[in-house]
Amino acid sequence: MPVPFESFVPFVIISGMFLATATGIRYAQTKRNEGKAVRYSLDDWDRKMMVRDKQLTGTMRGQVDNPIAPPEFKVNSSWKVYESLRNDFA
């Protein structure tokens, strides 16, 4: 006759693995987003702002409140590369 608590050990193991997986995923997402909440349903504007933030700060999630861009911002655009490639193949 089965004992009611004999299923407790497998239940704890399975629940522990779910908990470990969820914690690992949450840690990876938080680490990837620099401790900020995960962004969902990004549109073109959000993606362009993320590229701009990457150019200004060096990270996709970093933001600055300085209204004047640093001098390096003038030369780290991909448009200059695009235009030179377009002129080479035209």
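First, the conventions. The model is predicted, so local features need pLDDT of at least 70 and side-chain atom pairs count only at pLDDT 80 or more, while totals for chains, interfaces and linings use all residues. Residues are numbered from 1 along each chain as its sequence is written, and side-chain values use heavy atoms, with hydrogens and water left out.

The overall picture. The protein chain has three helices and zero strands, in the order α-α-α along the sequence. Helices here are DSSP runs of H or I with at least four residues, strands are runs of E with at least two, and numbering starts at the N terminus.

Helix α1 covers residues 8–32, which is 25 residues. From first C-alpha to last, α1 reaches 36 Å, close to the 36 Å expected at 1.5 Å a residue. The expected span is 1.5 Å times one less than the number of residues. Helix α2, residues 44–57, has 14 residues and reaches 20 Å, close to the expected 20 Å. Just after α2 comes G58, with a positive phi of about 95°.

Now the loop between α1 and α2. N33 sits there, and N33 counts as buried because its relative accessibility is 10%. Buried means under 20% relative accessible area, exposed over 50%, and partly exposed in between, with a 1.4 Å probe and protein chains only. Neighbours within four places in sequence aside, N33 is in contact with V38 and R61; contact means heavy atoms within 4.5 Å.

Most residues other than glycine have a negative phi. E34, in this loop, has a positive phi near 55°, and E34 is partly exposed at 40% relative accessible area. S41, also placed in the loop between α1 and α2, has a positive phi near 45°. S41 counts as exposed, at 72% relative accessibility.

Last, the surface. The accessible surface of the protein chain is about 8200 Å², 65% of it belonging to carbon and sulfur atoms. Areas come from the Shrake-Rupley method with a 1.4 Å probe; for residues, only the protein chains shown count as cover. Of the 90 residues, 6% count as buried.

V3, F5, F8, V9, F11, V12, I13 and M17 form a nonpolar surface patch with about 860 Å² of accessible area together. Patch residues have over 30% relative accessible area and no salt bridge; like charges are joined within 9 Å, nonpolar side chains (Val, Leu, Ile, Met, Phe, Trp, Tyr) within 5 Å. A salt bridge is a side-chain nitrogen of Lys or Arg within 4 Å of a carboxyl oxygen of Asp or Glu. V3 lies in the segment before α1 and is partly exposed, at 34% relative accessibility.
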